[in-house]
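Hi,

Here is the structure I promised to pass on. Have a look at it first, and then read my notes below.

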Amino acid sequence: CQGIMSPSLMITKQESLATQEVARDGVHRKVCVNVKNMPFALDLSVVNNFPQTSSKFINFRRCSVEASVCYDARDPAEGKKVELVSSKKPVTYKFQVSDKNVDEGSLEVRMLVLTSQHEDSLFRLHVRVLDSHQELVLSTISEAIKVVSKPDQVRRIRGEKVQSSGKGKKRTHSDMVGDTLSRIEEAQRRQEQLLLRLLGGRDVGDGADDTMEEDTDCGEESGPPPAPAVT
């Protein structure tokens, strides 16, 4: 007769911002792409769990869930664990038990592994379920993950057009001189326009003031005509 299947931990959904096809050891496969320090979720479920009436029933509310980062390997179970990166843990995570089923939940993960030595590396998350005595109950391994530093890299992988902001581009001496000359020319142009308004009365406010000054000057020079002499 067919034996009873044991419970196992399954990742029912692994979030990613993009997928990318990579070639490793002559094998082409798709990997999940996520941005450093940006959260993504792994939905977990216990498959073939024991009946809820059983003492062996796996209840996430009575267990703890842990995650660690390992390098991708031909055999995922043999991937080497990533140790501290710049004295920091390579991953942070938070587990939330489902409101509907206590043997389901979501693991929110932030990958922090990204230095020059990790460039083009692929990783996997090793997820473990521990009982109240910190004994291993179940475990599973995620799909391969590539970590990039900026969202723009994800857009390029998706084939989206990325608009350059100009930030981070090293400016040459010619660029700085050209900017300075442009500012000087703009200042000179504004001064010339202001001078033309002052002289030509093109601006309403300035023109009114100029007219008043000119009328006053004319009055001082000619004055009213002399009154006829009384005889």
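Let's start with the lining of the largest pocket: its residues divide into seven nonpolar, two polar and five charged. Here Ala, Val, Leu, Ile, Met, Phe, Trp, Tyr, Cys and Pro count as nonpolar, Asp, Glu, Lys and Arg as charged, and the others, Gly among them, as polar.

Before going on: this is a predicted model, where local features need pLDDT of at least 70, side-chain atom pairs count only at pLDDT 80 or more, and totals for chains, interfaces and linings use all residues. Residues are numbered from 1 along each chain as its sequence is written, and side-chain values use heavy atoms, with hydrogens and water left out.

Back to that pocket (on a 1 Å grid over the protein atoms alone, an open set of points where a 1.4 Å probe fits, with protein on both sides within 12 Å along at least five of seven lines; lining residues have an atom within 4 Å of a point). The largest one holds about 280 Å³ of space, a volume being the space filled by probe spheres set on the points, which are joined across faces, edges and corners. It has 14 lining residues, and Ala67, Ser68, Lys81, Lys89 and Val91 are the closest to its centre.

Which strand gives the most to the lining? That is β5, with four residues. At least two residues each come from β5 (64-71), β6 (91-97) and β8 (122-130). Strands are DSSP runs (E, at least two residues), numbered from the N terminus.

There is also an open, antiparallel sheet of four strands, ordered β1-β4-β7-β6; strands pair if DSSP finds at least two bridges between them. β1 (8-14) and β6 are the edge strands.

Cheers
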